[in-house]
Amino acid sequence: MEKSSVILNVATQISFQENEIKLLTAEIERLKNFGCLGVSPSLEGLRDENAKLKYRLNFLKKSLQEERSKSTKSMININSCLQEIFGAAIQAAYPDLENPPLVVTPSQQPKFGDYQCNSAMGISQILLKTREQKVSPREIAERIVKNIPANECIEKVEIAGPGFINVHLRKDFVSKQLSSLLINGVQPPAIGKRKKVVVDFSSPNIAKEMHVGHLRSTIIGESMCRLFEFVGYDVLRLNHLGDWGTQFGMLIAHLQDKFPDYLSVSPPIGDLQAFYKESKQRFDTEEEFKKRAYQCVVLLQSKNPDFIKAWNLICDVSRREFQKIYNCLDITITERGESFYHEMMKDIVKEFEDKGFVQVDDGRKIVFVPGFPVPLTIMKSDGGFTYDTSDLAALKHRLCEEKGDILIYVVDSGQSVHLQTVFAAGQMIGWYDPKVTRVAHAAFGVVLGEDKKKFKTRSGDTVRLIDLLEEGLKRAMDKLKDKERDKVLTPEELKAAQTSVAFGCIKYADLSHNRLNDYVFSFDKMLDDRGNTAAYLLYAFTRIRAIARLANIDEQMLRKAAREEVLVLDHEKEWKLGKCILRFPEILQKILEDLLLHTLCDYLYELATTFTEFYDSCYCVEKDRQTGQIVKVNMWRLLLCEATATVMAKGFDILGIKPVQRM
């Protein structure tokens, strides 16, 4: 089972394994008594049986230890646990019903309990349609409730209205899960076997500067990688650079003219963007230069050493510029550009030809994929390869060589039809089965200016990403100085706060919007410390972290309290906060399924506002009103503060945001 609902199965598995261990131990004792450990050759078979039993026993004990370790340290996805419980109840109540609807959601209002199971209405409709049985949803709900198996998390259930089942969680269960979180830290939910994930993101073009259009792919891709890594998957982060193609012919020809001694003296190309524009202008206006540029492409593709060196020089200049941005945004990525797949492309063409998928159209070799009107061009009439060929080669390498179980392409929505055609071609030729391997396009919309048009400079040029980041740093410092933080923070703390706010706000502004939609880029909105912004959350986080510090409670004291204190959740705001903290695993599970990271941002904002409600209603530290001296520390409430901050810190980490202790 691939969901974090395997947690309940762990308990079942442990119980099964414990019983099997008892039986195997008894069997070994029986064989001992029978004499199977003696030396008589006639007992060889019994000795073999005994050895096998011992091996099985040791294996089970080791497996049991691993399952126990998982079950005690993994954070429980309460929603998935309830789905398992109600799934079993529905199965027991209606054993002949195939794939009955299973709907469990958090309740929106406390009077309706903590969670709701809303399956009865769906089952009622199925019974009416498939069996012509008219059974009221309330009657179905009653039958489900009667079959709820024994469990450790449900205090009581109530049937409301036409058949809603309201679920009230046990306070000791929630308290126990919070204590586990505080002792073990924020652990990933159990999600089944470890998988290999390949994420294609960022992917700028050599000789062109990264612009605001690359921002979304870079930020979204990095965050997805962090999430997959957190839950224990093996993640390969790939930068599919545009580092091959006909444009390199004109760049190399221009390099030869401008820096004729480039082979012996490294050319001082300061502005590669200007260099690219110069070469493009010559390519468009000078016929002789254009011919030479095409000759350069041929020599580059034939691996002429001088031309390979020129190509590497141009690529290195771009790499250095890209790395400045990756350093600012704390991006980790492995370069694997189009050139990496160049040698594989002729084999791709041959494979499609051998399987009879290729048609020739005006000298081009094309592949029609069922369901897609535009064919893939895998070879041009001049024998050259295309983006279609390199994308097919990349897909095959990631599936067949990297053995990817999940492939994610973080690419703008404009490439949707192209990528879906490439994926379908890979499926058609037999590279993967979509029931086994997940290949997904994580599409995203464009960045808009405040005029709701594509984000441009005043002169109409594309906004350079490095300029955007520098502007963010300037505005973040202005904001901190407006709040007079420069008067209370050391220069080092001020610099750390500036970086945290600037880059955190840029990332969060992107990630907090549904990636499928366009979004308006506004420094004023993202730096506002009110509402669902990184600025608000970062300030909230530093305030939460300061509560224990101002009460003179250090980390060691908190760790000791986490092991000894029972988290009392009697106040309604304590209860609300405790449940909100424990929803973190189900939020992550949802994102693993739909790859929509704004869900995590919404959750962190909800957690921060829920904490504010708690803090306004429940005294964590009580002081004498006259002297200001601390008279009482409510440790269980400080532990709730710590649990909140711990989950927020992990959420920030997944989003690629670095909080600071003082702001």
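## Contacts and cores in a predicted model

Leaving aside neighbours within four places in sequence, G656 is in contact (heavy atoms within 4.5 Å) with R226 and K507. This is a predicted model: local features need pLDDT of at least 70, side-chain atom pairs count only at pLDDT 80 or more, and totals for chains, interfaces and linings use all residues. Residues are numbered from 1 along each chain as its sequence is written, and side-chain values use heavy atoms, with hydrogens and water left out.

G656 lies in the segment after α23 (635-655); helices are DSSP runs of H or I with at least four residues, numbered from the N terminus. The C-alpha atoms of G656 and L329 are 7.9 Å apart in space, while 327 residues separate G656 and L329 in sequence.

| Residue | Relative accessible area |
|---|---|
| G656 | 10% |
| C315 | 0% |
| C580 | 4% |

A disulfide is a pair of cysteine sulfur atoms within 2.5 Å, and by this rule the count is zero.

A nonpolar core is a set of buried Ala, Val, Leu, Ile, Met, Phe, Trp, Tyr and Cys residues joined through side-chain atoms within 4.5 Å. The largest nonpolar core has 174 residues, of which L82, L215, I408 and F521 touch the most other members. Beyond its neighbours within four places in sequence, L82 is in contact with V104, Y115, C153, I154, V167 and L169. A second, separate core of 30 residues includes V198, I348, V422 and V439.

Note on methods:
Helices (H or I, at least four residues) and strands (E, at least two) are DSSP runs, numbered from the N terminus. Buried means under 20% relative accessible area, exposed over 50%, partly exposed in between (1.4 Å probe, protein chains only).
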